[in-house]
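Reader: I have a model open and would like to go through it with you. Can we start with the overall layout and then move to details?

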Amino acid sequence: MQGWLSNTLWMVGLIIVGTVLAVRVAPTDPAAWHIDPLTARSPAPGGVLARPDGGDLSVPVLNATPSEVLTRLDAIIAATPRTKRIAGDVASGRITYVTRSLVFGFPDYATVTVVAVEGGTAPVILSRLRFGVSDTGVNGRRVQGWLDALAADPT
């Protein structure tokens, strides 16, 4: 009986380690994630969509040019731990990032752009997970933090 339990625990451990390794080394296809957040549907519960109309989160309207807002947003997101740009740039008007969770390295993808609206410029952010069906609100909290930082210092 004890040998069976020991073997079972080893197998469970190997499955967990294998799954974590598969998640960490799974290739990313930037083209699959670098989509237009203006035409995307909400990814809830596995993510969040922040935009002026029809989003899960409201966004600030800033008195700045689209390039200025996207440049500031790029700096805020680039400073997020375990985050790197995988596609786009400020000049193209759309940028996609991957942020990995601390412990298991699960990837979340965020695509950002900006739009001109009455009174200024508004950010648009689509953030979603790659694996699973729910992120327990992680994407929403991360995006809200980015929006709060942008609204607090739009210059």
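Reader: What pattern does the chain follow, read along the sequence?
Author: The pattern is α-α-β-α-β-β-β-β-α. That comes from four helices and five strands, where helices (H or I, at least four residues) and strands (E, at least two) are DSSP runs numbered from the N terminus.

Reader: And what kind of model is this, and how are things counted?
Author: This is a predicted model, where local features need pLDDT of at least 70 and side-chain atom pairs count only at pLDDT 80 or more, while totals for chains, interfaces and linings use all residues. Residues are numbered from 1 along each chain as its sequence is written, and side-chain values use heavy atoms, with hydrogens and water left out.

Reader: What does the C-alpha trace span?
Author: Along its principal axes, about 70 × 25 × 25 Å.

Reader: How much of the chain is buried?
Author: Buried residues are 37% of the 155 residues. Buried means under 20% relative accessible area, exposed over 50%, and partly exposed in between (1.4 Å probe, protein chains only).

Reader: Switching to charges. How many salt bridges are there?
Author: Two. A salt bridge here is a side-chain nitrogen of Lys or Arg within 4 Å of a carboxyl oxygen of Asp or Glu.

Reader: Which residue pairs with Asp74?
Author: Arg85, with the closest N and O atoms 2.7 Å apart. Asp74 is in helix 3 and Arg85 in strand 2, so the pair ties together parts eleven residues apart in sequence. Asp74 is buried at 13% relative accessible area, whereas Arg85 is partly exposed at 40%.

Reader: And what does Asp108 pair with?
Author: Asp108 forms a salt bridge with Arg142, and the closest N and O atoms are 3.3 Å apart. Since Asp108 lies in strand 4 and Arg142 in helix 4, this pair ties together parts that are 34 residues apart in sequence.

Reader: Are those two buried or exposed?
Author: Both Asp108 and Arg142 are buried.

Reader: Pockets next. Which residues lie nearest the centre of the largest pocket?
Author: Ser101, Phe106, Asp108, Asp135 and Val138, out of 14 lining residues. Strand 3, strand 4 and helix 4 (138-152) each give two or more residues to that lining.

Reader: What counts as a pocket, though?
Author: On a 1 Å grid over the protein atoms alone, a pocket is an open set of points where a 1.4 Å probe fits, with protein on both sides within 12 Å along at least five of seven lines; lining residues have an atom within 4 Å of a point.

Reader: How much space lies in it, and what classes make up the lining?
Author: The largest pocket holds about 250 Å³, the volume being the space filled by probe spheres set on the grid points. Its lining has five nonpolar, four polar and five charged residues.

Reader: Which residue has a positive phi although it is not a glycine?
Author: Arg82, at about 60 degrees. Arg82 is in the loop between helix 3 (66-78) and strand 2 (83-89), and is partly exposed at 44% relative accessible area.

Reader: Last one. Where is Phe104?
Author: In the loop between strand 3 (94-100) and strand 4 (107-117). Phe104 is partly exposed, with 39% relative accessibility.

Terms used: Ala, Val, Leu, Ile, Met, Phe, Trp, Tyr, Cys and Pro count as nonpolar, Asp, Glu, Lys and Arg as charged, and the others, Gly among them, as polar.
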